Amino acid sequence: MAEQEQRRRSAPRTDDVELEETGTGQQAGEELKAELDDLLDEIDDVLETNAEEFVKNYVQKGGE
Amino acid sequence: MAVHKVLGIETEFGILHRNEGDSNPVAASSMIINAYVNGFLERRVGWDFEDEHPGVDARGFNEFDALAPEIETHLVNAVLTNGARYYVDHAHPELSTPECTDALQCTTYDRAAEEILIRSMDKANELLPDGEELVIHKNNSDGKGNSYGCHENYLVDRAVPFGRIVQEIMPFFISRQVFCGAGKVGSEAPGLTHSDVPFQITQRADFFEEEVGLETTLKRPIVNTRDEPHADSKKYRRLHVIVGDANMSEVQTYLKLGVTAIVLAMIDDDMAPKDCAFETSVQTLRQTSYDIDLAMVHRLLNGQKVSALDVQWAYYAAAESWAERNGFDVIGGQEMGLDLMKRWHDVLVALENDPDSLSDSIDWIAKRRLYEGYRERHDLEWSDPKLAALDLQYHDLRPDKGLARRIGLKRISEDSEVELAVNNPPPSTRAYFRGRCLERYPDEIVAANWDSMVFDIGTDPLRRVPMLEPLRGTAAHVGNLLDECSNAAELLRRLGT
(Lines give C-alpha, C1' and ligand atoms only; values in the text may rest on other atoms or scores of the structure.)
Protein backbone atom coordinates (compact mmCIF):
# COMPACT_ATOMS: atom_id res chain seq x y z
CA MET A 1 0.00 0.00 0.00
CA ALA A 2 2.79 2.43 0.86
CA GLU A 3 4.00 2.51 -2.73
CA GLN A 4 0.58 3.30 -4.04
CA GLU A 5 0.31 6.17 -1.59
CA GLN A 6 3.61 7.60 -2.69
CA ARG A 7 2.61 7.41 -6.31
CA ARG A 8 -0.69 9.17 -5.65
CA ARG A 9 0.57 11.73 -3.24
CA SER A 10 3.39 12.94 -5.45
CA ALA A 11 1.19 12.90 -8.55
CA PRO A 12 2.21 15.97 -10.58
CA ARG A 13 -1.41 16.71 -11.22
CA THR A 14 -1.87 18.09 -7.70
CA ASP A 15 1.02 20.54 -8.05
CA ASP A 16 -0.14 21.70 -11.46
CA VAL A 17 -3.53 22.53 -10.14
CA GLU A 18 -2.05 24.55 -7.31
CA LEU A 19 0.31 26.48 -9.58
CA GLU A 20 -2.37 27.30 -12.08
CA GLU A 21 -4.64 28.64 -9.43
CA THR A 22 -2.14 30.82 -7.56
CA GLY A 23 -2.78 33.85 -9.74
CA THR A 24 -6.47 33.95 -9.12
CA GLY A 25 -6.34 32.55 -5.60
CA GLN A 26 -6.50 35.86 -3.78
CA GLN A 27 -9.39 37.17 -5.84
CA ALA A 28 -11.31 33.93 -5.42
CA GLY A 29 -10.64 34.10 -1.67
CA GLU A 30 -12.09 37.60 -1.44
CA GLU A 31 -15.14 36.60 -3.43
CA LEU A 32 -15.68 33.64 -1.15
CA LYS A 33 -15.40 35.87 1.89
CA ALA A 34 -17.96 38.34 0.54
CA GLU A 35 -20.25 35.44 -0.28
CA LEU A 36 -19.89 34.10 3.26
CA ASP A 37 -20.66 37.52 4.71
CA ASP A 38 -23.87 37.72 2.67
CA LEU A 39 -24.78 34.27 3.80
CA LEU A 40 -24.19 35.11 7.45
CA ASP A 41 -26.39 38.21 7.10
CA GLU A 42 -29.08 35.98 5.68
CA ILE A 43 -28.72 33.44 8.48
CA ASP A 44 -29.33 36.11 11.08
CA ASP A 45 -32.67 36.67 9.37
CA VAL A 46 -33.81 33.06 9.12
CA LEU A 47 -32.34 31.52 12.30
CA GLU A 48 -34.94 30.39 14.79
CA THR A 49 -35.65 33.35 17.07
CA ASN A 50 -35.27 31.50 20.32
CA ALA A 51 -32.41 29.17 19.51
CA GLU A 52 -32.09 27.80 23.02
CA GLU A 53 -35.76 26.87 23.25
CA PHE A 54 -35.75 25.42 19.74
CA VAL A 55 -32.74 23.23 20.47
CA LYS A 56 -34.16 22.13 23.82
CA ASN A 57 -37.44 21.05 22.23
CA TYR A 58 -35.80 19.17 19.40
CA VAL A 59 -36.02 15.66 20.82
CA GLN A 60 -36.30 12.63 18.55
CA LYS A 61 -36.83 9.00 19.29
CA GLY A 62 -34.05 6.68 18.20
CA GLY A 63 -34.89 4.88 15.00
CA GLU A 64 -33.81 2.26 12.46
CA MET B 1 -17.63 -11.20 -12.63
CA ALA B 2 -19.34 -8.93 -10.12
CA VAL B 3 -23.15 -8.77 -10.07
CA HIS B 4 -24.68 -5.50 -11.15
CA LYS B 5 -24.68 -3.11 -8.22
CA VAL B 6 -28.40 -2.49 -7.93
CA LEU B 7 -28.72 0.01 -5.11
CA GLY B 8 -31.12 2.07 -3.03
CA ILE B 9 -31.14 4.41 -0.08
CA GLU B 10 -33.55 4.56 2.88
CA THR B 11 -33.82 7.66 5.02
CA GLU B 12 -35.51 8.19 8.36
CA PHE B 13 -36.34 11.86 8.70
CA GLY B 14 -36.38 13.90 11.89
CA ILE B 15 -39.82 15.27 12.69
CA LEU B 16 -40.94 18.14 14.89
CA HIS B 17 -44.51 19.12 15.72
CA ARG B 18 -44.28 22.75 16.76
CA ASN B 19 -46.60 24.47 19.19
CA GLU B 20 -48.37 21.25 20.05
CA GLY B 21 -47.95 20.68 23.78
CA ASP B 22 -48.22 16.92 23.81
CA SER B 23 -46.68 16.00 20.50
CA ASN B 24 -46.45 12.34 19.56
CA PRO B 25 -43.87 11.56 16.87
CA VAL B 26 -45.66 8.43 15.64
CA ALA B 27 -48.89 10.38 15.14
CA ALA B 28 -46.96 13.25 13.55
CA SER B 29 -45.18 10.87 11.15
CA SER B 30 -48.50 9.27 10.23
CA MET B 31 -49.95 12.70 9.53
CA ILE B 32 -47.09 13.47 7.15
CA ILE B 33 -47.51 10.29 5.14
CA ASN B 34 -51.30 10.29 5.18
CA ALA B 35 -51.29 13.88 3.96
CA TYR B 36 -49.23 12.83 0.96
CA VAL B 37 -51.14 9.65 0.22
CA ASN B 38 -54.54 11.31 0.54
CA GLY B 39 -53.45 14.49 -1.18
CA PHE B 40 -51.53 13.13 -4.14
CA LEU B 41 -52.25 9.44 -4.71
CA GLU B 42 -55.30 8.01 -6.39
CA ARG B 43 -55.52 5.08 -4.08
CA ARG B 44 -53.43 3.74 -1.21
CA VAL B 45 -51.72 0.41 -1.72
CA GLY B 46 -50.27 -1.11 1.43
CA TRP B 47 -47.06 -2.95 2.08
CA ASP B 48 -46.98 -6.74 2.12
CA PHE B 49 -44.93 -8.12 5.04
CA GLU B 50 -44.98 -11.74 3.87
CA ASP B 51 -41.32 -11.78 2.85
CA GLU B 52 -39.79 -9.60 5.56
CA HIS B 53 -37.20 -11.35 7.72
CA PRO B 54 -35.00 -8.65 9.22
CA GLY B 55 -33.81 -11.02 11.97
CA VAL B 56 -31.90 -13.33 9.62
CA ASP B 57 -28.15 -13.01 10.07
CA ALA B 58 -25.74 -13.11 7.12
CA ARG B 59 -23.26 -15.03 9.23
CA GLY B 60 -25.72 -17.91 9.24
CA PHE B 61 -26.78 -17.81 12.87
CA ASN B 62 -28.87 -15.77 15.25
CA GLU B 63 -26.93 -14.66 18.27
CA PHE B 64 -28.81 -15.24 21.49
CA ASP B 65 -28.24 -11.70 22.59
CA ALA B 66 -28.85 -10.18 19.19
CA LEU B 67 -32.01 -8.17 19.09
CA ALA B 68 -33.91 -8.98 15.93
CA PRO B 69 -35.42 -5.82 14.47
CA GLU B 70 -39.15 -5.61 14.88
CA ILE B 71 -41.57 -5.07 12.06
CA GLU B 72 -44.34 -2.70 12.91
CA THR B 73 -47.13 -3.92 10.68
CA HIS B 74 -49.77 -1.68 12.22
CA LEU B 75 -48.21 1.63 11.18
CA VAL B 76 -48.83 3.62 8.01
CA ASN B 77 -47.19 2.00 5.04
CA ALA B 78 -47.57 2.99 1.42
CA VAL B 79 -46.06 2.09 -1.91
CA LEU B 80 -45.65 4.94 -4.38
CA THR B 81 -45.95 4.95 -8.15
CA ASN B 82 -42.24 5.72 -8.40
CA GLY B 83 -41.60 2.32 -6.81
CA ALA B 84 -40.60 3.74 -3.41
CA ARG B 85 -41.87 2.69 0.00
CA TYR B 86 -43.07 5.51 2.25
CA TYR B 87 -43.87 4.57 5.83
CA VAL B 88 -43.68 5.20 9.54
CA ASP B 89 -40.68 3.45 11.05
CA HIS B 90 -40.46 3.63 14.83
CA ALA B 91 -41.20 7.31 15.32
CA HIS B 92 -40.02 8.74 12.00
CA PRO B 93 -41.31 9.12 8.48
CA GLU B 94 -39.08 6.94 6.32
CA LEU B 95 -38.71 6.78 2.57
CA SER B 96 -36.92 3.97 0.76
CA THR B 97 -36.07 4.83 -2.81
CA PRO B 98 -36.90 2.34 -5.53
CA GLU B 99 -34.14 0.02 -6.68
CA CYS B 100 -31.76 1.89 -8.99
CA THR B 101 -29.08 0.77 -11.43
CA ASP B 102 -26.54 3.50 -10.78
CA ALA B 103 -25.50 6.24 -8.38
CA LEU B 104 -26.78 9.12 -10.52
CA GLN B 105 -30.23 7.59 -10.81
CA CYS B 106 -30.32 6.91 -7.07
CA THR B 107 -29.18 10.46 -6.25
CA THR B 108 -32.08 11.72 -8.34
CA TYR B 109 -34.49 9.49 -6.39
CA ASP B 110 -32.96 10.65 -3.11
CA ARG B 111 -33.64 14.24 -4.14
CA ALA B 112 -37.15 13.20 -5.22
CA ALA B 113 -37.59 11.77 -1.71
CA GLU B 114 -36.82 15.24 -0.31
CA GLU B 115 -39.44 16.72 -2.64
CA ILE B 116 -41.99 14.13 -1.50
CA LEU B 117 -41.31 15.04 2.13
CA ILE B 118 -41.60 18.75 1.36
CA ARG B 119 -44.95 18.21 -0.38
CA SER B 120 -46.12 16.01 2.50
CA MET B 121 -45.13 18.71 4.99
CA ASP B 122 -46.98 21.42 3.04
CA LYS B 123 -50.10 19.30 2.71
CA ALA B 124 -50.10 18.25 6.38
CA ASN B 125 -49.61 21.83 7.53
CA GLU B 126 -52.67 22.94 5.56
CA LEU B 127 -54.68 20.58 7.76
CA LEU B 128 -53.24 21.67 11.10
CA PRO B 129 -54.75 24.38 13.34
CA ASP B 130 -53.22 27.86 13.01
CA GLY B 131 -49.91 28.17 14.80
CA GLU B 132 -49.05 24.47 14.68
CA GLU B 133 -46.50 23.23 12.20
CA LEU B 134 -44.83 19.96 11.24
CA VAL B 135 -41.17 20.36 10.33
CA ILE B 136 -39.00 17.72 8.69
CA HIS B 137 -35.23 17.47 8.96
CA LYS B 138 -33.00 15.28 6.85
CA ASN B 139 -30.48 14.55 9.57
CA ASN B 140 -29.45 11.65 11.79
CA SER B 141 -29.40 12.90 15.35
CA ASP B 142 -31.20 15.24 17.71
CA GLY B 143 -27.98 16.27 19.43
CA LYS B 144 -29.12 14.54 22.62
CA GLY B 145 -27.95 11.01 21.96
CA ASN B 146 -30.85 9.81 19.79
CA SER B 147 -29.99 8.69 16.29
CA TYR B 148 -31.94 7.54 13.26
CA GLY B 149 -30.54 6.19 10.07
CA CYS B 150 -29.81 6.71 6.44
CA HIS B 151 -29.15 3.22 5.12
CA GLU B 152 -27.74 2.21 1.77
CA ASN B 153 -28.41 -1.11 0.09
CA TYR B 154 -26.29 -2.82 -2.52
CA LEU B 155 -26.78 -6.09 -4.37
CA VAL B 156 -23.79 -8.40 -3.91
CA ASP B 157 -22.87 -11.85 -5.12
CA ARG B 158 -24.05 -14.61 -2.74
CA ALA B 159 -20.97 -16.67 -3.70
CA VAL B 160 -18.64 -14.22 -1.95
CA PRO B 161 -18.01 -15.38 1.63
CA PHE B 162 -19.61 -12.89 4.00
CA GLY B 163 -16.49 -12.88 6.20
CA ARG B 164 -14.43 -11.55 3.31
CA ILE B 165 -16.97 -8.79 2.61
CA VAL B 166 -16.73 -7.75 6.27
CA GLN B 167 -12.93 -7.63 6.28
CA GLU B 168 -12.58 -5.79 3.02
CA ILE B 169 -15.39 -3.26 3.36
CA MET B 170 -14.64 -2.29 7.00
CA PRO B 171 -11.55 -0.10 6.34
CA PHE B 172 -13.38 1.52 3.44
CA PHE B 173 -16.42 2.38 5.57
CA ILE B 174 -14.21 3.86 8.29
CA SER B 175 -12.14 5.97 5.93
CA ARG B 176 -14.91 7.05 3.54
CA GLN B 177 -16.24 9.29 6.32
CA VAL B 178 -13.82 11.98 5.14
CA PHE B 179 -15.93 12.59 2.05
CA CYS B 180 -19.28 11.15 3.23
CA GLY B 181 -19.79 13.01 6.51
CA ALA B 182 -22.67 15.43 7.01
CA GLY B 183 -20.89 17.14 9.94
CA LYS B 184 -22.07 17.79 13.48
CA VAL B 185 -21.49 20.28 16.28
CA GLY B 186 -20.21 18.52 19.42
CA SER B 187 -20.32 14.84 20.30
CA GLU B 188 -23.00 12.55 21.68
CA ALA B 189 -20.59 9.84 22.81
CA PRO B 190 -20.73 9.35 26.58
CA GLY B 191 -18.31 11.54 28.50
CA LEU B 192 -17.25 13.83 25.65
CA THR B 193 -17.90 17.58 25.81
CA HIS B 194 -17.60 20.45 23.34
CA SER B 195 -14.07 21.05 24.54
CA ASP B 196 -13.13 17.48 23.54
CA VAL B 197 -15.03 17.50 20.24
CA PRO B 198 -16.24 20.96 19.17
CA PHE B 199 -17.20 19.80 15.68
CA GLN B 200 -16.92 16.47 13.88
CA ILE B 201 -17.08 15.07 10.37
CA THR B 202 -20.12 12.78 10.73
CA GLN B 203 -23.51 12.70 12.41
CA ARG B 204 -23.35 8.99 13.14
CA ALA B 205 -19.88 7.87 14.29
CA ASP B 206 -20.77 8.55 17.95
CA PHE B 207 -23.39 5.81 17.84
CA PHE B 208 -21.34 2.83 16.64
CA GLU B 209 -20.18 0.36 19.26
CA GLU B 210 -19.50 -2.90 17.43
CA GLU B 211 -17.61 -4.04 14.35
CA VAL B 212 -20.16 -6.56 13.07
CA GLY B 213 -23.69 -7.43 14.10
CA LEU B 214 -27.39 -7.66 13.43
CA GLU B 215 -28.66 -4.74 15.48
CA THR B 216 -29.57 -1.35 14.06
CA THR B 217 -31.02 0.41 17.11
CA LEU B 218 -28.66 -0.61 19.92
CA LYS B 219 -24.96 -1.43 19.92
CA ARG B 220 -24.87 -0.43 16.26
CA PRO B 221 -22.29 -2.29 14.16
CA ILE B 222 -20.08 -0.82 11.41
CA VAL B 223 -21.01 -3.78 9.20
CA ASN B 224 -24.63 -4.84 9.56
CA THR B 225 -25.35 -8.52 9.02
CA ARG B 226 -29.04 -8.40 8.18
CA ASP B 227 -29.48 -11.11 5.56
CA GLU B 228 -32.68 -10.25 3.81
CA PRO B 229 -31.90 -10.09 0.10
CA HIS B 230 -35.40 -9.19 -1.12
CA ALA B 231 -34.29 -11.16 -4.19
CA ASP B 232 -33.22 -14.69 -5.13
CA SER B 233 -31.31 -15.68 -2.01
CA LYS B 234 -29.34 -18.35 -3.84
CA LYS B 235 -27.75 -15.75 -6.09
CA TYR B 236 -27.70 -12.54 -4.11
CA ARG B 237 -27.13 -10.79 -0.86
CA ARG B 238 -28.27 -7.28 -0.10
CA LEU B 239 -25.57 -5.50 1.88
CA HIS B 240 -27.49 -3.32 4.32
CA VAL B 241 -25.21 -0.41 5.17
CA ILE B 242 -26.11 1.50 8.31
CA VAL B 243 -22.91 3.45 8.86
CA GLY B 244 -23.62 6.46 6.64
CA ASP B 245 -25.06 9.94 7.17
CA ALA B 246 -28.03 11.47 5.37
CA ASN B 247 -26.38 14.02 3.11
CA MET B 248 -27.84 17.32 2.03
CA SER B 249 -25.13 17.55 -0.64
CA GLU B 250 -26.04 15.66 -3.79
CA VAL B 251 -22.36 15.46 -4.73
CA GLN B 252 -21.77 13.46 -1.57
CA THR B 253 -24.76 11.17 -2.06
CA TYR B 254 -23.56 10.48 -5.60
CA LEU B 255 -19.97 9.82 -4.51
CA LYS B 256 -20.99 7.73 -1.49
CA LEU B 257 -23.24 5.48 -3.55
CA GLY B 258 -21.03 5.31 -6.63
CA VAL B 259 -17.71 4.75 -4.91
CA THR B 260 -19.16 2.20 -2.48
CA ALA B 261 -20.69 0.36 -5.45
CA ILE B 262 -17.27 0.29 -7.14
CA VAL B 263 -15.62 -1.06 -3.98
CA LEU B 264 -18.29 -3.76 -3.55
CA ALA B 265 -17.87 -4.77 -7.20
CA MET B 266 -14.12 -5.05 -6.51
CA ILE B 267 -14.90 -7.27 -3.53
CA ASP B 268 -17.19 -9.46 -5.67
CA ASP B 269 -14.25 -9.86 -8.07
CA ASP B 270 -11.75 -10.37 -5.23
CA MET B 271 -9.66 -7.35 -6.22
CA ALA B 272 -10.10 -5.14 -3.14
CA PRO B 273 -7.17 -4.28 -0.85
CA LYS B 274 -6.58 -6.90 1.82
CA ASP B 275 -3.99 -5.15 3.94
CA CYS B 276 -5.92 -2.13 5.23
CA ALA B 277 -7.61 -3.56 8.34
CA PHE B 278 -7.41 -1.16 11.27
CA GLU B 279 -6.24 -2.47 14.61
CA THR B 280 -9.29 -1.04 16.40
CA SER B 281 -12.16 -0.41 14.02
CA VAL B 282 -14.75 1.18 16.31
CA GLN B 283 -12.24 3.51 17.91
CA THR B 284 -10.81 4.45 14.52
CA LEU B 285 -14.29 5.17 13.16
CA ARG B 286 -14.83 7.74 15.90
CA GLN B 287 -11.32 9.16 15.85
CA THR B 288 -11.62 9.67 12.11
CA SER B 289 -14.87 11.54 12.59
CA TYR B 290 -13.32 13.77 15.29
CA ASP B 291 -10.18 14.51 13.24
CA ILE B 292 -11.36 17.51 11.22
CA ASP B 293 -7.78 18.42 10.27
CA LEU B 294 -7.42 14.96 8.69
CA ALA B 295 -4.02 14.70 10.35
CA MET B 296 -4.34 11.60 12.50
CA VAL B 297 -2.60 8.32 11.77
CA HIS B 298 -4.00 4.99 12.87
CA ARG B 299 -2.34 1.64 13.30
CA LEU B 300 -3.27 -1.17 10.95
CA LEU B 301 -3.27 -4.83 11.94
CA ASN B 302 -0.10 -5.26 9.87
CA GLY B 303 1.66 -2.65 12.01
CA GLN B 304 1.70 0.14 9.40
CA LYS B 305 0.55 3.60 10.46
CA VAL B 306 -1.72 5.34 8.00
CA SER B 307 -4.26 8.15 7.75
CA ALA B 308 -7.87 7.74 6.60
CA LEU B 309 -6.86 9.41 3.33
CA ASP B 310 -4.03 6.89 2.83
CA VAL B 311 -6.58 4.09 3.08
CA GLN B 312 -8.83 5.84 0.59
CA TRP B 313 -5.90 6.14 -1.83
CA ALA B 314 -5.25 2.41 -1.47
CA TYR B 315 -8.85 1.66 -2.42
CA TYR B 316 -8.66 4.20 -5.23
CA ALA B 317 -5.56 2.54 -6.68
CA ALA B 318 -7.18 -0.90 -6.44
CA ALA B 319 -10.28 0.48 -8.16
CA GLU B 320 -8.15 1.72 -11.06
CA SER B 321 -6.74 -1.77 -11.54
CA TRP B 322 -10.17 -3.35 -11.18
CA ALA B 323 -11.66 -1.00 -13.77
CA GLU B 324 -8.82 -1.57 -16.22
CA ARG B 325 -9.63 -5.24 -16.19
CA ASN B 326 -13.43 -5.19 -15.80
CA GLY B 327 -14.72 -1.82 -16.99
CA PHE B 328 -17.62 -0.10 -15.25
CA ASP B 329 -20.60 -1.99 -16.70
CA VAL B 330 -21.83 -3.22 -13.31
CA ILE B 331 -21.92 0.23 -11.74
CA GLY B 332 -23.66 2.16 -14.50
CA GLY B 333 -21.28 2.19 -17.48
CA GLN B 334 -18.00 3.67 -18.62
CA GLU B 335 -18.97 7.32 -18.60
CA MET B 336 -20.32 7.26 -15.07
CA GLY B 337 -17.46 5.08 -13.85
CA LEU B 338 -14.87 7.52 -15.16
CA ASP B 339 -16.80 10.46 -13.74
CA LEU B 340 -16.95 8.81 -10.31
CA MET B 341 -13.23 7.96 -10.39
CA LYS B 342 -12.32 11.52 -11.34
CA ARG B 343 -14.51 13.01 -8.62
CA TRP B 344 -13.18 10.52 -6.06
CA HIS B 345 -9.60 11.40 -7.05
CA ASP B 346 -10.26 15.13 -6.99
CA VAL B 347 -12.04 15.09 -3.65
CA LEU B 348 -9.13 13.19 -2.04
CA VAL B 349 -6.63 15.64 -3.52
CA ALA B 350 -8.70 18.59 -2.29
CA LEU B 351 -9.05 17.08 1.19
CA GLU B 352 -5.26 16.80 1.33
CA ASN B 353 -4.45 20.22 -0.03
CA ASP B 354 -7.34 22.63 0.29
CA PRO B 355 -10.40 21.20 2.09
CA ASP B 356 -12.20 24.56 2.13
CA SER B 357 -12.40 24.41 -1.66
CA LEU B 358 -15.05 21.71 -1.09
CA SER B 359 -17.39 24.00 0.83
CA ASP B 360 -19.87 23.90 -2.05
CA SER B 361 -19.99 20.12 -2.25
CA ILE B 362 -19.19 18.42 1.09
CA ASP B 363 -21.64 18.97 3.94
CA TRP B 364 -19.17 18.87 6.83
CA ILE B 365 -16.87 21.36 5.14
CA ALA B 366 -19.75 23.64 4.15
CA LYS B 367 -20.93 23.56 7.76
CA ARG B 368 -17.49 24.19 9.21
CA ARG B 369 -16.99 27.26 7.05
CA LEU B 370 -20.42 28.59 7.92
CA TYR B 371 -20.20 27.91 11.65
CA GLU B 372 -16.66 29.29 11.96
CA GLY B 373 -17.83 32.46 10.22
CA TYR B 374 -20.83 32.72 12.49
CA ARG B 375 -18.78 32.08 15.61
CA GLU B 376 -16.31 34.77 14.65
CA ARG B 377 -19.01 37.30 13.85
CA HIS B 378 -20.88 36.82 17.13
CA ASP B 379 -17.96 35.72 19.31
CA LEU B 380 -19.58 32.43 20.28
CA GLU B 381 -18.29 29.27 21.93
CA TRP B 382 -18.92 25.96 20.13
CA SER B 383 -21.26 25.05 23.00
CA ASP B 384 -23.56 28.01 22.30
CA PRO B 385 -27.16 26.88 21.54
CA LYS B 386 -27.14 29.14 18.47
CA LEU B 387 -24.63 26.81 16.84
CA ALA B 388 -26.70 23.77 17.77
CA ALA B 389 -29.70 25.55 16.21
CA LEU B 390 -27.73 26.28 13.03
CA ASP B 391 -26.68 22.64 12.96
CA LEU B 392 -30.32 21.50 13.00
CA GLN B 393 -31.41 24.15 10.56
CA TYR B 394 -28.80 23.08 8.01
CA HIS B 395 -30.95 19.96 7.52
CA ASP B 396 -34.36 21.66 7.66
CA LEU B 397 -36.32 20.72 4.52
CA ARG B 398 -38.46 23.88 4.55
CA PRO B 399 -37.14 25.70 1.47
CA ASP B 400 -37.21 29.11 3.18
CA LYS B 401 -35.51 27.89 6.37
CA GLY B 402 -33.09 25.14 5.38
CA LEU B 403 -29.51 26.39 5.34
CA ALA B 404 -28.15 23.67 3.06
CA ARG B 405 -30.49 24.75 0.29
CA ARG B 406 -29.70 28.42 0.87
CA ILE B 407 -25.93 28.11 0.62
CA GLY B 408 -26.17 26.83 -2.93
CA LEU B 409 -24.53 23.42 -2.84
CA LYS B 410 -23.53 21.97 -6.21
CA ARG B 411 -26.19 19.80 -7.82
CA ILE B 412 -25.93 16.43 -9.52
CA SER B 413 -29.55 15.84 -10.47
CA GLU B 414 -31.61 17.89 -12.90
CA ASP B 415 -34.84 19.49 -11.68
CA SER B 416 -36.81 17.99 -14.57
CA GLU B 417 -35.48 14.50 -13.76
CA VAL B 418 -36.33 14.94 -10.07
CA GLU B 419 -39.87 15.99 -10.94
CA LEU B 420 -40.22 12.90 -13.11
CA ALA B 421 -38.81 10.72 -10.32
CA VAL B 422 -41.41 11.93 -7.81
CA ASN B 423 -44.12 9.94 -9.61
CA ASN B 424 -42.38 7.60 -12.05
CA PRO B 425 -40.19 4.56 -11.43
CA PRO B 426 -36.67 4.07 -12.76
CA PRO B 427 -37.04 2.23 -16.09
CA SER B 428 -34.07 -0.05 -15.50
CA THR B 429 -35.12 -2.23 -12.53
CA ARG B 430 -38.12 -4.23 -11.30
CA ALA B 431 -39.27 -1.01 -9.60
CA TYR B 432 -40.60 -0.18 -13.06
CA PHE B 433 -43.04 -3.08 -12.90
CA ARG B 434 -44.07 -2.19 -9.34
CA GLY B 435 -44.56 1.50 -10.04
CA ARG B 436 -46.31 1.16 -13.37
CA CYS B 437 -48.69 -1.52 -12.03
CA LEU B 438 -49.59 0.82 -9.16
CA GLU B 439 -50.21 3.61 -11.61
CA ARG B 440 -52.20 1.46 -14.08
CA TYR B 441 -54.15 -0.93 -11.83
CA PRO B 442 -54.36 0.60 -8.35
CA ASP B 443 -57.77 -0.95 -7.64
CA GLU B 444 -56.60 -4.46 -8.40
CA ILE B 445 -53.46 -4.46 -6.26
CA VAL B 446 -53.85 -5.60 -2.67
CA ALA B 447 -50.27 -5.15 -1.55
CA ALA B 448 -46.74 -4.87 -2.81
CA ASN B 449 -43.24 -5.32 -1.46
CA TRP B 450 -39.72 -5.41 -2.83
CA ASP B 451 -39.89 -8.83 -4.41
CA SER B 452 -43.55 -9.48 -5.13
CA MET B 453 -46.95 -7.96 -5.81
CA VAL B 454 -50.34 -9.30 -4.80
CA PHE B 455 -53.28 -8.81 -7.15
CA ASP B 456 -57.00 -9.24 -6.57
CA ILE B 457 -58.73 -9.61 -9.92
CA GLY B 458 -62.07 -10.51 -8.38
CA THR B 459 -62.81 -14.06 -9.47
CA ASP B 460 -59.83 -16.10 -8.22
CA PRO B 461 -57.92 -16.28 -4.98
CA LEU B 462 -55.34 -13.49 -4.55
CA ARG B 463 -52.50 -13.85 -7.02
CA ARG B 464 -48.90 -13.17 -6.04
CA VAL B 465 -46.44 -12.21 -8.77
CA PRO B 466 -42.87 -12.88 -7.61
CA MET B 467 -40.14 -10.42 -8.65
CA LEU B 468 -36.98 -12.13 -7.44
CA GLU B 469 -34.69 -10.66 -10.11
CA PRO B 470 -34.00 -6.97 -9.47
CA LEU B 471 -33.09 -6.43 -13.11
CA ARG B 472 -36.26 -8.03 -14.54
CA GLY B 473 -39.53 -6.21 -14.96
CA THR B 474 -37.83 -3.21 -16.56
CA ALA B 475 -39.30 -0.89 -19.18
CA ALA B 476 -37.50 -2.89 -21.86
CA HIS B 477 -39.07 -6.13 -20.59
CA VAL B 478 -42.63 -5.12 -19.74
CA GLY B 479 -43.13 -1.55 -20.95
CA ASN B 480 -45.17 -2.50 -24.00
CA LEU B 481 -47.06 -5.21 -22.15
CA LEU B 482 -48.15 -2.76 -19.45
CA ASP B 483 -49.19 -0.23 -22.08
CA GLU B 484 -51.28 -2.85 -23.84
CA CYS B 485 -53.05 -4.39 -20.82
CA SER B 486 -55.97 -2.30 -19.69
CA ASN B 487 -56.55 -4.31 -16.52
CA ALA B 488 -54.63 -6.56 -14.15
CA ALA B 489 -56.51 -9.71 -15.20
CA GLU B 490 -55.25 -9.28 -18.74
CA LEU B 491 -51.74 -8.56 -17.48
CA LEU B 492 -51.68 -11.72 -15.35
CA ARG B 493 -53.05 -13.82 -18.20
CA ARG B 494 -50.37 -12.55 -20.57
CA LEU B 495 -47.66 -12.99 -17.95
CA GLY B 496 -48.83 -16.59 -17.71
CA THR B 497 -49.23 -16.59 -13.95
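A salt bridge is a side-chain nitrogen of Lys or Arg within 4 Å of a carboxyl oxygen of Asp or Glu. This is a predicted model, in which local features need pLDDT of at least 70 and side-chain atom pairs count only at pLDDT 80 or more, while totals for chains, interfaces and linings use all residues. Residues are numbered from 1 along each chain as its sequence is written, chains are lettered from A and ligands numbered from 1 in the order in which they are written, and side-chain values use heavy atoms, with hydrogens and water left out.

Q: Which residue forms a salt bridge with B:Asp51?
A: Chain B is divided into domain 1 (7-417) and domain 2 (427-495), with bounds that come from an automatic or database domain assignment. Between these two domains of chain B the count is five salt bridges. The side chain of B:Asp51 meets its partner at 3.6 Å, N to O, and that partner is B:Arg464.

Q: What area is buried between domain 1 of chain B and domain 2 of chain B?
A: The centres of the two domains of chain B, taken over C-alpha atoms, are separated by 31 Å, and 27 residues of domain 1 are in contact with 26 residues of domain 2, where contact means heavy atoms within 4.5 Å. Buried area is the accessible area (1.4 Å probe) that two parts lose on being put together, summed over both. For these two domains of chain B, carbon and sulfur atoms give 56% of a buried area of about 2200 Å².

Q: Is B:Arg398 buried or exposed?
A: The side chain of B:Arg398 meets that of B:Glu133 in a salt bridge at 3.2 Å, N to O. This pair links distant parts of the chain, 265 residues apart, with B:Glu133 in strand E7 (residues 133-137) of chain B and B:Arg398 in the loop between helix H9 (385-393) and helix H10 (403-406) of chain B; helices (H or I, at least four residues) and strands (E, at least two) are DSSP runs, numbered from the N terminus. Buried means under 20% relative accessible area, exposed over 50%, and partly exposed in between (1.4 Å probe, protein chains only). Whereas B:Glu133 is partly exposed at 24%, B:Arg398 has a relative accessibility of 8% and therefore counts as buried.

Q: Why does the salt bridge of B:Arg436 and B:Asp483 tie together separate parts, and how many residues apart are they in sequence?
A: The side chains of B:Arg436 and B:Asp483 meet at 3.2 Å, N to O. B:Arg436 lies in helix H12 (residues 431-440) of chain B and B:Asp483 in helix H13 (residues 475-484) of chain B, so the pair ties together parts whose separation in sequence is 47 residues.

Q: How many salt bridges does the rule find across the interface of chain B and chain A?
A: In this interface 62 residues of chain B are in contact with 36 residues of chain A, and the buried area is about 4300 Å². One of the salt bridges joins B:Arg220 to A:Glu64, with the closest N and O atoms 2.8 Å apart. Across the interface of chain B and chain A, the number of salt bridges is nine.

Q: Which element gives the most residues to the side of chain B that touches chain A?
A: Among the elements that give two or more residues to this side are strand E2 (14-18), helix H6 (308-326) and helix H9 of chain B. The element that gives the most, with seven residues, is H9(B).
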